[in-house]
Amino acid sequence: MAKVAVFSLASDYGCQVQITNADDKLLEVLGQFDLAYWQLASSGHVPEEYDVAVIEGAVTTDEHVELLKRVRATAGTVIVIGACAVTGGIPALATSGVLEDRFDVVYGEGSALAFGGRISPLPVDAIIDVDYRVPGCPIEPAEFVAVLQRALMAVSDHIPREPMCAACKIEENVCFYESGTVCMGLITRTGCGAKCVSLGRPCTGCRGIAADANLVAARAIAVSHGIAAEKFDSALSLYNSAKGVVR
Amino acid sequence: MSTLTVEHVARIEGHGTISVEVEGGVVGEIRMDIIEPTRLFESMIVGRRFDEAPLITSRICGICSPNHAVTSLKAVEAAMGIEVSERTKMLRRLLVHGSYLQNHATHLYILAAPDYVGQPNVLPLAETHPEVFHRALAIKKLGNELTTMVGGRPVHPIAAAVGGFTAEPSAHDLETFAARLHAVANDVVETVALFSTFDIPTFQTQGEMLALHDDGDYAIYDGEICALDAGWCRPVSEYRQFVDESVVGHSNAKHSTVGGRTFMVGSLPRVNLSWDRLTPAARIVASKAGFRAVSKNTFYNNLCQAIELVDAAERCAILCETLLEDTGSSAPVKYTIRAGEGTAATEAPRGTLYHSVTIGEDGVLTAGDVITPTAQNLANLEADMRAFAPTVVHLPEEEFILRVEQLVRAYDPCLSCSVH
């Protein structure tokens, strides 16, 4: 039986909470693997061997980099879950400006020195190869269970490629651009069922930029609806600020 | 001197390491290192628009995200002088209290209970105590579905916006949930009964206790901050004058004191300070479980979480029924963007949560401050460990460590929150 270990980097644990929220669905796959390590939900140490690693959170320290390299060397399959791990997510907002200055804002003048080993936030695939991705902030429990199922059966990943607008049409939502409100649905990877827009909020882009998205066209659409290009860029940066690849 | 170390303490949110020096049965230095990486949220909201503050800061915590969102919304509204409708306040209360159901059930059954039944995690309970396992899932699920009904999903609410709600639950949903909340009454009462059977060490914290307090209500959304021992109550807006935060070497989370003393926030301080505002049913089960306010036994925090489950289930049912009769609107009120500074506090499941924001004329944030419950509790938690460890140091090493971990889990610490 495949051994699964769950790891967390810099995150709010919301995606792990969503795993515990998978309740009934999780029971469907529960008999198919052995939960070898999960600090949030169980006592015990990281085992020497495990087959599947589930990783939540953004890479923000040298220690995270080392951990990821060890995980990749051990696990046959790596699944990253949540915006933080997939795109750098909200933690990557700390990428702009000077990182040290941010420590001074939070901890006081000169405090940055105490935080050696801290790096600018990155998604997991900036450090190691990733086999499966579950995007979103937070993840959808059902999507996680489906991806875990694929991983256990060794069927390849099939992360959605298209932007979200089609889902919005299906939900019969009125496009936010009609009222001059910036919405990231134009370029954001589909798969959430346009949840935010259906509840009256513009898409913030938590599922990351879709492979088939046309950023240039989206930006032009925003401008043609009277939205300053800077406003579009600022909205885009919320979940997509991470830059640079270290490996 | 040998040092016992528990790296990455299990069944808590976030990474923390406990180290205890022991020699010849005597406890020396004892510490909890908070090694969770800081995410620098207070710097990240600077330069973002006011309406993004609740969205960003709710990502401080995936467990109590509704509390962060609601507290941040209140801070932004205080800064810009926005008055929301009574219906909006009711829905926010429902969101916060719904999060208690989910949160306390998760902590009590999944994180804390395995200690008391001698298991590494909750899963063996499915076989040994199926009724307990299914009760745990039922309460947690109801809490999740309740926050989903109001906020759009269990983690990181969508519909709660500056000035009001962008979507509302249907009358049918409110009706259904009122009935389901009444129906869960037995499960939550059983939870109190179960936790009252666990062996609770005799122990008294030396710290102060702080919580929101409101004359008319069990305070979670509004009220003043009151101190149990010192006997004072002060407006939330003065929080920086009474909560002293300082940076400590071994922790990425700051430590807090009040009037030079460590203090505790959370279920036990709330129940102590608002005992007579609990619903009658909650007071009755608490009394049956042998709990008497005022108690300063830290371990009773778990029992008080269970008592709050009873209170929250009843209160949420009443809120659903009141919302059904109420004809007001929760649609976002009209407002003008203006400069200002705003502060707000709510009671998150783990204790008082403060948010403050400074907004410029253009609606862009120039400063922000967040003090989370766990950041307030950490100094008291360490003080408790120092006082408690010598009383159990005679036990075999494994049992000794388990007891110290049990004390930590009584606090239900949220370390990712504490190093936001």
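**Pockets, cavities and aromatic contacts**

The second largest pocket has a volume of about 990 Å³ in this structure, which is a predicted model. Its lining is made up of 44 residues, and those nearest the centre of the pocket are Thr181(A), Arg201(A), Pro202(A), Arg49(B) and Asp51(B). At least two residues of this lining are supplied by each of α10 (229-237) of chain A and α2 (53-57), α3 (65-80) and β4 (160-161) of chain B; the largest share, three residues, comes from α10(A). When the lining of the second largest pocket is divided by class, 25 residues are nonpolar, 10 are polar and nine are charged.

The largest pocket has a volume of about 1,200 Å³. It is lined by 50 residues, of which Tyr37(A), Glu7(B), His8(B), Val9(B) and His15(B) are the closest to its centre. The elements that contribute two or more residues to this lining are β1 (2-8) and α3 (62-74) of chain A, along with β1 (2-6), α4 (86-116) and α14 (397-410) of chain B. Among the contributors to the lining of the largest pocket, α14(B) gives the most, with nine residues. The classes represented in the lining of the largest pocket are 18 nonpolar, 17 polar and 15 charged residues.

Of the residues that line the second largest cavity, 10 are nonpolar, three are polar and four are charged.

Aromatic contacts form a further topic. A pair of aromatic rings is described by the distance between the centres and the angle between the planes. Over all chains, the count comes to 13 aromatic pairs. In one of them, the rings of Phe195(B) and Phe198(B) have centres 4.9 Å apart and planes at 75 degrees, and the pair is therefore edge-to-face, since planes over 60 degrees apart count as such. Phe195(B) and Phe198(B) are both buried.

An aromatic pair that is likewise edge-to-face is formed by Phe203(B) and Phe299(B), with 6.3 Å from centre to centre and 85 degrees between the planes. This pair links distant parts of the chain, as Phe203(B) lies in the loop between α8 (185-197) and β6 (208-213) of chain B, whereas Phe299(B) lies in the loop between α11 (280-288) and α12 (300-325) of chain B, 96 residues apart. Phe203(B) has a relative accessible area of 7% and is therefore buried, and Phe299(B), at 1% relative accessibility, also counts as buried; the cut-off for this class is under 20% relative accessible area.

In chain A, Phe7(A), Tyr37(A) and Tyr50(A) are linked into a cluster by ring pairs. Tyr37(A), a member of this cluster, is also one of the residues closest to the centre of the largest pocket.

Within chain B, Arg180(B) lies over the face of Phe177(B), at 5.0 Å from the ring centre. A contact between the chains is provided by Lys254(B), whose charged end sits over the ring of Tyr107(A), 5.7 Å from the centre of that ring.

Definitions and conventions. Residues numbered from 1 in each chain as written. Chains lettered and ligands numbered in written order. Predicted model: local features only at pLDDT ≥ 70, side-chain atom pairs only at ≥ 80, totals over all residues. Heavy atoms only, no water. 1 Å grid on protein atoms, 1.4 Å probe; cavity = no way out; pocket = protein on both sides within 12 Å on 5 of 7 lines; lining within 4 Å. Points joined across faces, edges and corners; volume = space filled by probe spheres on them. Helix = DSSP H or I, 4+ residues; strand = E, 2+ residues; numbered from the N terminus. Nonpolar A, V, L, I, M, F, W, Y, C, P; charged D, E, K, R; others polar. Phe/Tyr/Trp six-rings, centres within 6.5 Å; stacked < 30°, edge-to-face > 60°. Buried < 20%, exposed > 50% of the residue type's maximum accessible area, 1.4 Å probe, protein only. Lys NZ or Arg CZ within 6 Å of the ring centre and 35° of its normal.
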